[in-house]
Amino acid sequence: MALEICLGKRPAYISMSIGSENWLETEELAELTKKLAGAGTHIFAACANKGHIAFPAAYPWVLGVRYEAGISGLYREENSPIGCNIVVGDFSSCVLDKMAEENPFFECRTNSMATPYALEKIVSEAVPLSDLPRRAGQKMAEIPKKLLMPVVAVTGPVGKMKELLALLQKESYQAALLTDRAETDWVDMVLHVEVEGFASWVKPLAEAGILLLDVSGELAKLKHFSDYDVDLGQKDTQTAYMEILQFFGTAEEKGG
């Protein structure tokens, strides 16, 4: 409702400290924020404090913001799995200091607090995002021995993988397709992933109900994470869908 009001008012800037970690809400949220961005509104949105994927911060037309303790200044971040564009270091705020007198919670700093700070600094100082120094020194995440979420290794045409993904999402599964054969589409949760950067996606995808892993190409090296295998070159998506539900024991509860 708030975004719809903004769409009518066409503000120059929006600061959002709330968002959604429910992947099933992306279609409407994407439509509204994309219309606003297309109309010239600059949207600054807080990333999830836990490092999960949150919307609208993850969208490429929204500036995602996160706070990082122990550094100072503003930095830009590129190719972030959670959609982070701006990293904010330690900062002071007379408003937060005043609020902290009544509630110690405001003594800390969060992504939501860093978002309006980043907006104010960039706008008041007229600093283009491209002029911010790039944040370096992030350690490469280690690939875990096992993934916590259910993983289905799929082979076959990417188009059929997307159809299978849509079937799962239609039944309210927070499902995502990881592939190196298609570009990232945040609305449908089709995520372009290379083997080298796979580990960086593990934490952001912690809320996944099920992951489809395209092992038709280079990602075949990650097939050992699979709980179940599906060949979409040999069967239709509806059959594969029902087999997946039966394997994970959810066919009956999903009406199958």
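**Helix packing and loop residues in a predicted model**

The buried residues of helix α2 are T26, L29, A30, L32, T33 and L36, where buried means under 20% relative accessible area, exposed means over 50%, and partly exposed lies in between (1.4 Å probe, protein chains only). Helices (H or I, at least four residues) and strands (E, at least two) are DSSP runs, numbered from the N terminus. The structure is a predicted model, in which local features need pLDDT of at least 70 and side-chain atom pairs count only at pLDDT 80 or more, while totals for chains, interfaces and linings use all residues. Residues are numbered from 1 along each chain as its sequence is written, and side-chain values use heavy atoms, with hydrogens and water left out.

The buried residues of α2 pack against α1, β1 (13–16) and β2 (42–46), contact being defined as heavy atoms within 4.5 Å. At 1.5 Å a residue, the 13 residues of α2 should span 18 Å, and the end C-alpha atoms of α2 are 17 Å apart, which agrees. The expected span of a helix is 1.5 Å times one less than its number of residues. After α2 comes G40, which has a positive phi near 105°.

Two packed helices are described by the angle between their axes and the distance between the axes. For helix α1 (residues 2–9) and helix α2 (residues 26–38), the axes come within 10 Å and cross at roughly 20°. Axes are lines fitted to C-alpha atoms, for helices over the stretch in contact, and angles run from 0 to 180 degrees between N-to-C directions. The helices α1 and α2 are therefore roughly parallel to each other. Angles under 35 degrees count as roughly parallel, over 145 as roughly antiparallel, 65 to 115 as roughly perpendicular and the rest as oblique. The crossing of α1 past α2 is left-handed; a crossing has this hand if the near helix is turned anticlockwise from the far one by less than a right angle, and is right-handed if clockwise. On the α1 side, L3, E4, C6 and L7 meet E28, L29, L32, T33, K35 and L36 of α2. By class, this contact has 6 nonpolar, 1 polar and 3 charged residues. Ala, Val, Leu, Ile, Met, Phe, Trp, Tyr, Cys and Pro count as nonpolar, Asp, Glu, Lys and Arg as charged, and the others, Gly among them, as polar.

A second pair consists of helix α5 (residues 158–170) and helix α7 (residues 237–247), whose axes come within 9 Å and cross at roughly 50°. That angle makes α5 oblique to α7. The crossing of α5 past α7 is right-handed. The residues in contact are K160, E163, L164, L167 and L168 of α5, and T237, Q238, A240, Y241, I244 and L245 of α7. By class, 7 are nonpolar, 2 polar and 2 charged.

Helix α4 (residues 111–124) has 14 residues, and its first and last C-alpha atoms are 20 Å apart, close to the 20 Å expected at 1.5 Å a residue. Its buried residues are N111, M113, A114, T115, A118, L119 and I122. An α-helix has 3.6 residues a turn, so residues three or four places apart point the same way. The buried residues of α4 pack against β1, β2, β3 (63–72), β4 (74–76), β5 (84–90) and α3 (94–100). Just after α4, A126 has a positive phi of about 50°.

Several loops hold residues with particular backbone angles. The peptide bond from F55 to P56 is cis, with omega near 15°, and P56 is placed in the loop between β2 and β3. N79, in the loop between β4 and β5, has a positive phi of about 55° although it is not a glycine. At 76% relative accessibility, N79 counts as exposed. M189 lies in the loop between β7 (175–179) and β8 (190–192), and its phi is near 60°, a positive value in a residue other than glycine. M189 is buried, with a relative accessible area of 0%.

Two further loop residues were examined. F198 lies in the loop between β8 and α6 (199–202) and counts as buried at 3% relative accessibility. Leaving aside neighbours within four places in sequence, F198 is in contact with I143, L147, L178, V193, L213, L222 and F225. F198 and K145 are 53 residues apart in sequence and 13 Å apart in space, C-alpha to C-alpha. H224 lies in the loop between β9 (210–214) and β10 (228–231) and counts as exposed at 55% relative accessibility. H224 and V151 are 73 residues apart in sequence, and their C-alpha atoms are 9.8 Å apart in space.
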